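Subject: Model handed over, with notes

Hello,

Below is the structure I said I would pass on. My notes on it follow.

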Amino acid sequence: MECHQCKSQGKSCGGKSRGLAFFRKKQPLLDTETSTNPPIALVGMPNVGKSVLFNALTGIYVTVSNYPGTTVEVSRGLAQIGEQIITVIDTPGMYSLLPISEEEKVARDLLLSEPVSVVIHVVDAKNLGRMLPLTFQLIEAGLPVILAVNMMDEAHRWGLDLHQDSLEMELEIPVVCMSAALNQGIDELRHRIAPFLPVQTAMIPV
Ligand SMILES: Nc1nc2c(ncn2[C@@H]2O[C@H](COP(=O)(O)OP(=O)(O)OP(=O)(O)O)[C@@H](O)[C@H]2O)c(=O)[nH]1
Ligand SMILES: [Mg+2]
């Protein structure tokens, strides 16, 4: 079975890397002890690009572990948002906050049992209508939500476009159009996340 690290790099380690608690650090600042803010959670239906976005935000400093009491794997990594380092959680695919599968239950529990700084709801631009009901559920649950409309490259190829401003006004949450696989829109997303983070007091260890 391939690990998260290998999957992102198109390699295979035969699962050996899974036992490692941490992968090598990319930058010295990226240390778990520097991340005191509640995490950012990436949520959304299966196959919308959550893990690709997770890799784009966090680089290679990632842990993969089973959610307690389950066989469902959850990846955590550190992202730099402005001057701050914050944990990002890549949750299993979910269709609704009312869970049916074990994966959906883990994703729901991750969102509702611990505080999060912001929830990034990743959706496929080609299937927006099918995916927005979960956006409404997340908003109604009182969670701070950013809508990340991914796969804009494919949507454009289908001749689709999105009125980002109108959607933002309608939903009253930030909306970011992106193509995570092409690294497009990631900087704007970081920009839109920043106001959700509490001001950090002691970031750099002395
Ligand atoms: N064209 C295009 N493909 C993308 C984009 N983002 C992700 N993909 C592809 O979509 C597929 C699914 O991506 P993942 O990141 O594994 O999706 P996921 O949401 O993590 O899926 P689950 O873990 O099953 O919930 C992969 O083949 C990606 O390469 C994008 O912006 N454009
Ligand atoms: Mg994934």
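Helix H2 gives the largest share of the shell around ligand 1, namely three residues. Helices (H or I, at least four residues) and strands (E, at least two) are DSSP runs, numbered from the N terminus. H2 spans 50-58, and together with helix H5 (152-157) it makes up the elements that contribute two or more residues to this shell.

This is a predicted model: local features need pLDDT of at least 70, side-chain atom pairs count only at pLDDT 80 or more, and totals for chains, interfaces and linings use all residues. Residues are numbered from 1 along each chain as its sequence is written, while chains are lettered from A and ligands numbered from 1 in the order in which they are written.

There are 17 residues around ligand 1, and those that come nearest are Gly49, Lys50, Ser51, Gly93 and Ala181. A residue is near a molecule or strand if its C-beta atom, placed from the backbone, lies within 6 Å of it. By class the shell holds seven nonpolar, seven polar and three charged residues. Nonpolar means Ala, Val, Leu, Ile, Met, Phe, Trp, Tyr, Cys and Pro; charged means Asp, Glu, Lys and Arg; the others, Gly among them, are polar.

Two backbone notes. Met151, in the loop between strand E6 (145-150) and H5, has a positive phi of about 65° without being a glycine. Met151 is buried (20 or more other C-beta atoms within 10 Å of its own), with 25 such atoms. Asn183, not a glycine either, also has a positive phi of about 65°. Asn183 is exposed (12 or fewer), with 11 C-beta neighbours inside 10 Å.

Regards
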